[in-house]
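Hi,

Here is the structure I promised to pass on. Have a look at it first, and my notes follow below.

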Amino acid sequence: MVVCAVWLILVGLGLLVVRRELAILQDRVANSGAAPADGLAVGAVAPRFPGMREDDVVLFFFGDCEPCHEVAEEVARSADPSRFACVVSDGTLEGSSTGFGELLPAQARVLTGDEATSVRERYKVRSGPFGVAVSGGLVVAKGVLRYADDLEHLRRAAYGEARASVGA
């Protein structure tokens, strides 16, 4: 009887631990799907800048950001790089955006220098790589770009095929 009682207590404690771990996991999953803090809110009017279209995908890069380089390579490999407006800022190293433009194809619309900094500030973007889908002049999706598919999701959102947040 004592052995059974000890086993019941141990199983009960084990269930409490498992329940706690599942609650922590559930919170993490719920937070990972939340909208990213960077960028304008979905539904906000997107600030215009030279070369921007009514329906567009605006990508924000930093010259000294390795993930930004990887996403820029994905832009170069895309079927239609002209659908992307690329805003390239320095980041923490002054002048780091200078060579970054060479990673992007000639068809991609690229902003650099003070104009890029101004656009980035108006879009409230502080980290990269970050993307914003604009449709009808409104922000319809945004997110940190982690995977090659993220570019396709933004492209679909901007051109009316879907309306959803990317990454997070």
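The largest pocket has a volume of about 170 Å³, taken as the space filled by probe spheres set on grid points that are joined across faces, edges and corners. A pocket here is an open set of points on a 1 Å grid over the protein atoms alone, for a 1.4 Å probe, with protein on both sides within 12 Å along at least five of seven lines; lining residues have an atom within 4 Å of a point.

By the way, this is a predicted model, where local features need pLDDT of at least 70 and side-chain atom pairs pLDDT 80 or more, while totals for chains, interfaces and linings use all residues. Numbering runs from 1 along each chain as its sequence is written, and side-chain values use heavy atoms, without hydrogens and water.

Back to the pocket: its lining includes Glu74, Arg77, Asp80, Phe84 and Arg155. H4 gives the largest share, four residues, and helix H2 (66-77) also supplies at least two. Helices are DSSP runs of H or I, at least four residues, and strands are runs of E, at least two, numbered from the N terminus.

Then there's an open sheet of five strands, ordered E3-E2-E1-E4-E5, with mixed pairing (strands pair if DSSP finds at least two bridges between them). Strands E3 (109-111) and E5 (138-144) are at the edges with a single partner strand each, so one side of each has no neighbour in the sheet. E1 (residues 56-62) and E2 (residues 84-89) pair in the parallel sense over six bridges. Phe84, from the pocket lining, is the bridge partner of Val57.

Cheers
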